[in-house]
Amino acid sequence: MRVSYRWLMDYVDIPWPVEELADRLTMAGVLVEGLEPLAPRELASLVVGRVESIERHPAADSLFVCGVDVGGGVRTVVTGATNLRVGDRVPVALPGSVLPGGRRIEAAEFRGVLSEGMLCSEKELQVGDDADGIWVLPADAKLGAPLLEALGLDDTVLHLEIYPNRPDCLSVIGVAREVAALTGGRLRLPSLHVDEEQEAAEAAAVEVAAPDLCPRYTARVMRRLAVAPSPAWLQQRLRVAGMRPINNVVDITNFVMWEWGQPLHAFDYDQLAGGRIVVRRARPGERLVTLDGVERELDSDMLVIADAERAVGVAGVMGGGNSEVTGATTSVLLESANFQAASVRRTARRLGMRTEASHRFEKGLDPNAAAAASLRAAQLMQELAGARVLRGLVDVYPQPVAPHTVVCRPERLRRLLGADISDDQIAAYLQSLELSVAREGERFVVTVPTFRQDIQQEADLAEEVARLYGYDRVPESWPGGTAQVGGQAAPLPLLDRVRDVLVAQGLLECITYSFVHPATADKLRWSADDPRRLAIPLRNPLSEDYAVMRTSLIGGLLETAARNRSRGVRSVHLFEVGAVYQPKSLPLTELPEERRRVGILMMGPLPRKQWGSHAGETTFFHLKGAVETLLAGLGVEGAFAPSSDPSLHPGRQATVIVDGEAAGILGEVHPAVADGYDLGETRVYVAELELSVLEKAQPGIPRYRQLPRFPAVERDIALLVPKAVPAERVAACIREAAGALLEELVLFDVYEGPQVAAGHRSLAYAMTLRAADRTLTDAEANAVVAAVEEALAQELDVRLRR
Amino acid sequence: MQERIAAVRAQAIAAVRAAQSLDELEQVRIRFTGKKGELTQLLRGMGQVPPEERPAVGRLVNEARDEVEAALAARQQELTALALEARLKAEAVDVTLPGWAPVLGRRHPLTQVLDEIKRVFVGLGFQVVEGPEIETDWYNFEALNIPPDHPARDLQDTFFITEDILLRTQTSPVQIRVMQAQQPPVRVIAPGKVFRVDADVTHSPMFHQVEGLYVDEGVTFGELKGTLSIMARELFGKRPVRFRPSYFPFTEPSAEMDIQCIICNGAGCRVCKHEGWLEILGSGMVHPQVLRNVGYDPEKVSGFAFGMGVERIAMLAYGIDDIRLFFENDIRFLRQF
C-alpha cells in the first residue's frame, strides 16, 4: 500500500518529519518497508516559467529561442523542442541548478545565442517517460515557484506492508486513523455533499440474485457528465498510489478506492441492457472480455455483475469491456458494493487475476463504507466532470452490519502482557482507535466499529493496547513456571551421532530436495513391482524435476554428484540424513510413513591429501569401511550379504543386515545408472541405511569386562581358498572351529596371482588366542590351529599354505 | 716384563683413544682384554715370571687391565653418544612437509546453524521434537486458526498432494501435535523442513524453520520478549533487538523480532535495505482459539510461540547471498563451513 506524507496530512495533523512518522508507524504495526521521494529531490532547484515568445534560431533551423518569464523577469532560453506554445508553463533549469542524475546547468552559447538555462522534458526530470517534448505544466502552476512545491511533488511516498487482518489500512483514511491514534490528534474526514437532481436513481433497477456472495450493492446514476483528463492534483494522487491516470471518471473511482479502501466501478449506463444490474452467479460457460482485453471463461461459482442480458463485470475483480467508460460516455452507473471475501478470493485465483479491487475484497471489507465512498465519488464527479447526480442511492443491503462488542478485562490484559498499564490508559488507547469503552465493574465492554472486523476477542484488544503502549515498553522477564531439563527427543540424538561418525570419516553432509523427478525410478532401474516406485505425486509441483516425493535418497545423491562432476569436482564424498516418504497406497488417503535414512555417496580420489604414497581412488571397500565404521560408531553389529539391487553393480553390492533385519544396501552404482546421470566414466559408490533399524539395535549402557590377566598367543595362518568361497564363510568356519579361545580374528592379506593355484586366492588371518584363567601353552595353541585346519579342509576344501 | 706391560698398556690406551666407532672399539677390546687379548696373554704368561716377582707383576698387569677397561668404557660412552648424535642428525625430516591427515568432513551449514539454535534452547530447558513433513490441512492451517479461504493462505503458497494432504508450509503444525500429546507445561522447539511454491535467489521451494512453543500458567508477553532476547544474544552477540507488532493468525498479540543489522550495525546498508534492522523471527502469544483447538483452557494457561527461518539466519551469519547454494551441495561450498 502506497500513501504519501502530504496525502495523509489532508486528514490528520502530523507533528513529526516523515522519517519519524515511518518509525512510529512501524513500531505500531503498520510496517513501513521504504520511503521514496515522489519526485527526484533535485527538482527543488528548478522553477516554473511561462513561455512569452518563441522565435526560430537565426543560425540553426532545428533550434528555437524562447523568452521565458521565471517570475522575476524574462530569460532567453534555447530549446530544440517543437511542442511549445506561447503561454505554456514549463520547468526551467536556471544556471546553477542540477538535474536528476547530477547534470549541472550553466549559461551556454548555442550558435551565437546565449541560453540562460534549459527547458526540460518529463524524462530529463525523471518524473515520466515522455522524452519527446518539453513538459508542459498545468496552467495554474505558480510562476517562478520552485517546481517541487508548485506541483505538489515535494512529497514522500511511504510503502506500507498491510497485514491481511487490516484491510481497513488499505486506504489513506485508514492509515490516517492509525496516525491519529499515535499523535492523539483528530481524524478529519472529507465533507461529503452532492447536489442531487429531481430524477430518482431508482431508474436503475438492482437485483441481487446471490445475496450470500453480495451482502450489499449500491448504485448511483450520473448523467450528462464530460469524460476528460483529470486535474493535476488528482493525477498527482494517483501517481502516489502508483496508478496511471486514465480519465476523470475512472480516476475518481480509483482515487476514492485509495482514499476509503472501498473499490468502486463505473459502468457506462447507456451500455447496460435494460438499465439494470443483476448480481448473480455466472452461467456455465459464460464468457466475458474484461477491461484488460482478455476473454475470461466463467463458472457458476463466480459472481458476476450483469445487465438484463449479459455479464458486464466479474464482481470484485474487474469490469467488462462491454460497459467500459469511454470518451463517448455521458451517463454512468457507479457501483459501490460489498462482496463476500472468500468468493472474490477464489474467483480471482481461478482467473489468475489480482487487482487492487480483489486484493481489498478478499480481505473482507466493511459493508458500511460503501455508501460514503459512493457519495464521495459522486461529489467528485459533480465537481470534476460536471455530472448531474440522480437523486438517492439504490441500496440493496438486506442485513446491515452493526458494530459489535467485545468484553475485555484490564486485569487479565495486564497479566497477559506482563505490563503495568492502567485501566484509564487502556481505555484511552482503545478510544483513540474509535472504539468506545463502557466500564462494567471490572470489565470493559468495548464497542468495535464495523471497519475493524479483525477485533473479535479480548486477545485482539490486548494487541491494540500493546502496540499503542509500545512493545518496546513491555518489560522483558524470564519465565518462572516449572523447571525443565532440555534435551532432544528420539531419533534426533541418533541422527547427530550418525553425522558425527560420518563427518569424522571425511564425508560432507548435503541436503537435497525432498521431491525428485518422476523418472528417477527408471533412471535407477527399479523393477516394475519395486515398492520404491510408489512415489507420492504433488498436485502442483514447481516443475517436473520436483514432481514426486522421494522414496530413496540415492537419486538426490547421484544428482548432487553429477552436478559436482559437471563443475569439475572429481572427489565427491557425501552423506545425507533425511526422510523418504513411503505411502501404503496411492492416491494418498492417510499420511505416509516418513522413514529416516542416511545415504552415502563416494566417488573419485579419496578425501585425503597426502604426499609420499599415491593418492588412492575410492573403491567398494572404502564405502563398506565407511558403513562398518558407522555401524561401529553406533555400537551396532552388521552383517553383509550379496544382494541384487538393480541400481547397483550385480557383483559389487551387499545388503546390510542388523539384528536379522535388512538395514539397507551398499554397492557400486550400475554403469547404466551412472550413465543416466552423466557419471559414466567414473565409478560411484552409494549406500542407504534405514535409521529406524539401526536405532532399534543400539546397545544400552556398556558393561565392563575384566582386562585379560594372562598373555595371548598369536598364530598367523595363510589359506588357499577356492574363489567361490566367500571370506565371511572362511572366517565363520575358523571362529567355529577355534572356539572360545579365539579372542580376535583379523584378515590381514588377500592375494591372487602367480603363486596361488588357479581358481583360488590366498587369505591370511592373524588369530589371537587367549584363555581367561591361564597362560596358554604352545601345545594348546597348536591344537586350536590343527582343529581350524581340519574344519576348513572338510567344510570348505580350504588348505593351509605352507 | 715391566717394560712389556707398560708398552702393551700404552698401546691399548692409544688404540682405545683412536677407535672411531663402536665396532673399532670392540676390535680394540678383543685385541687387548679379550680371551686371547694381549693383556690376557700377559696374565697367562705369569708362569714364566720368577715367583718372588709374581705379586708385583700381577699387580702391574691388573692395574694395566683396569686402566684399559676404564678407558674402553669411557670411550664406549663417548662413541655411543656420538653415534646417537649422528643417527639423530641423519634422521632429521623436513617438518614443514604436510602431515598425513585424514580430511575431516563437515556438517551442512544449515545443520550447524540448527545445532547452534538447539544448543541455546536446550540450555533454556526446551525439548527438541519433530513432526511430519507431509501434513493434513487441519494441522497445517485450520488448527492454527487459518480456515479455508483465509487470506493468510496466500502468503504461503502450498504444495498439495490431495485436497486435504499437503507438504507443510511451516513448522507450526508441530505446536498442535505437541499440545495434543501432552498437558502444560510445554516447552519445545521443533526444527524441520517446510515447503512453499516459490523459487528465486531468496526463496527455495524447500527450506527449514524452527518452531518454538512455551505454554504454562501465567505466561506473559514480557516473557516472550525475555526468552527471545536471550536467544538473540546467544546467536548474534550483544546487539539491540526490537519487537514490533505483526500478524499471524495463530498468535495474538503477534510480534516480529528484529536485530540490529549485523553488517552495518544499524547505519543502514544493502542487506538491511537501509533500515538498520534485520527481521529474524515471527512470534506471539498463542491465540486462544488455537489453545481451544487442542483442548487447553485459555482462561487457565497462556503461552508464546515463535518461528524462524534457518536459511535466513545462515545467510546472514555466513554472508551467503543465494539460497540455492544450500541445496546445490557443491563440494567447494560445503567445505567452507
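Over the ring of which residue does the charged end of Lys523(A) sit? In this predicted model, the ring is that of Tyr677(A), and the charged end lies 4.0 Å from its centre. A second contact of this kind involves Arg473(A), whose charged end sits over the ring of Tyr469(A) at 4.1 Å from the ring centre.

## Aromatic pairs

Counted over all chains, the structure holds 22 aromatic pairs. One of them is formed by Trp233(A) and Phe255(A), with an edge-to-face arrangement, 5.5 Å centre to centre and 85° between the planes. Trp233(A) belongs to helix α5 (residues 232-241) of chain A and Phe255(A) to helix α6 (residues 248-260) of chain A, so the pair ties together parts that are 22 residues apart in sequence. The two partners can also be described by their accessibility. Trp233(A) is partly exposed, its relative accessible area being 39%, whereas Phe255(A) is buried, at 2%.

Ring pairs also build a cluster with members from chain A and chain B. Chain A contributes Tyr513(A), Phe515(A) and Tyr546(A). From chain B come Phe159(B), Phe195(B), Tyr318(B), Phe326(B), Phe327(B), Phe333(B) and Phe337(B).

## Cavities and a pocket

There are five cavities of 30 Å³ or more.

| Space | Volume | Lining residues | Lining by class |
|---|---|---|---|
| Largest cavity | about 300 Å³ | 22 residues | eight nonpolar, five polar, nine charged |
| Second largest cavity | about 80 Å³ | 13 residues | four nonpolar, three polar, six charged |
| Second largest pocket | about 1,600 Å³ | 31 residues | 18 nonpolar, five polar, eight charged |

Which residues lie nearest the centre of the largest cavity? They are Arg499(A), Arg596(A), Leu114(B), Glu130(B) and His208(B). The elements giving two or more residues to this lining are α13 and β31 (572-582) of chain A, along with α5 (109-123) and β4 (186-195) of chain B. The largest share, five residues, comes from α5(B).

The second largest cavity likewise has residues of chain A and chain B in its lining: Gly29(A), Tyr163(A), Arg166(A), Glu463(A) and Ser246(B) lie nearest its centre. Here α12 (458-469) of chain A and β6 (241-248) of chain B each supply at least two lining residues.

In the second largest pocket, the residues nearest the centre are Lys624(A), Glu628(A), Phe640(A), Ala727(A) and Glu728(A). Elements of chain A that each supply at least two residues of its lining are α16 (620-633), β33 (638-642), β34 (648-658), α19 (727-738), β38 (742-751) and β39 (760-769). Of these, α16(A) gives the most, with six residues.

## Backbone features

The bond from Ala490(A) to Pro491(A) is cis, and its omega is near 0°. Pro491(A) is placed in the loop between β27 (487-488) and α13 (492-504) of chain A. In chain B, a cis peptide bond joins Glu252(B) and Pro253(B), with omega about -10°. Pro253(B) lies in strand β7 (residues 251-260) of chain B.

Is His274(B) buried or exposed? His274(B) counts as exposed, at 61% relative accessibility. Its phi is positive, about 60°, although the residue is not a glycine, and its place is the loop between β7 and β8 (277-286) of chain B. Asn329(B), also not a glycine, has a positive phi of about 55°. Asn329(B) sits in the loop between α11 (325-328) and α12 (331-334) of chain B. At 0% relative accessibility, Asn329(B) counts as buried.

Helix α10 (residues 410-417) of chain A is mostly covered, with six of its eight residues buried. The buried residues are Pro410(A), Arg412(A), Leu413(A), Arg414(A), Leu416(A) and Leu417(A). After α10(A) comes Gly418(A), whose phi is positive, near 70°.

Chain B is assigned domain 1 (2-90) and domain 2 (109-334). The C-alpha centres of domain 1 and domain 2 of chain B lie 90 Å apart.

Conventions:
Residues are numbered from 1 along each chain as its sequence is written. Chains are lettered from A and ligands numbered from 1 in the order in which they are written. This is a predicted model: local features need pLDDT of at least 70, side-chain atom pairs count only at pLDDT 80 or more; totals for chains, interfaces and linings use all residues. Side-chain values use heavy atoms; hydrogens and water are left out. Rings of Phe, Tyr and Trp (its six-membered ring) pair if their centres lie within 6.5 Å; planes under 30 degrees apart count as stacked, over 60 as edge-to-face and the rest as tilted. Helices (H or I, at least four residues) and strands (E, at least two) are DSSP runs, numbered from the N terminus. Buried means under 20% relative accessible area, exposed over 50%, partly exposed in between (1.4 Å probe, protein chains only). A charge sits over a ring if NZ of Lys or CZ of Arg is within 6 Å of the ring centre and within 35 degrees of the ring normal. On a 1 Å grid over the protein atoms alone, a cavity is a set of points where a 1.4 Å probe fits but cannot get out, and a pocket is an open set with protein on both sides within 12 Å along at least five of seven lines; lining residues have an atom within 4 Å of a point. Grid points are joined across faces, edges and corners, and a volume is the space filled by probe spheres set on the points. Ala, Val, Leu, Ile, Met, Phe, Trp, Tyr, Cys and Pro count as nonpolar, Asp, Glu, Lys and Arg as charged, and the others, Gly among them, as polar. Domain bounds come from an automatic or database domain assignment.
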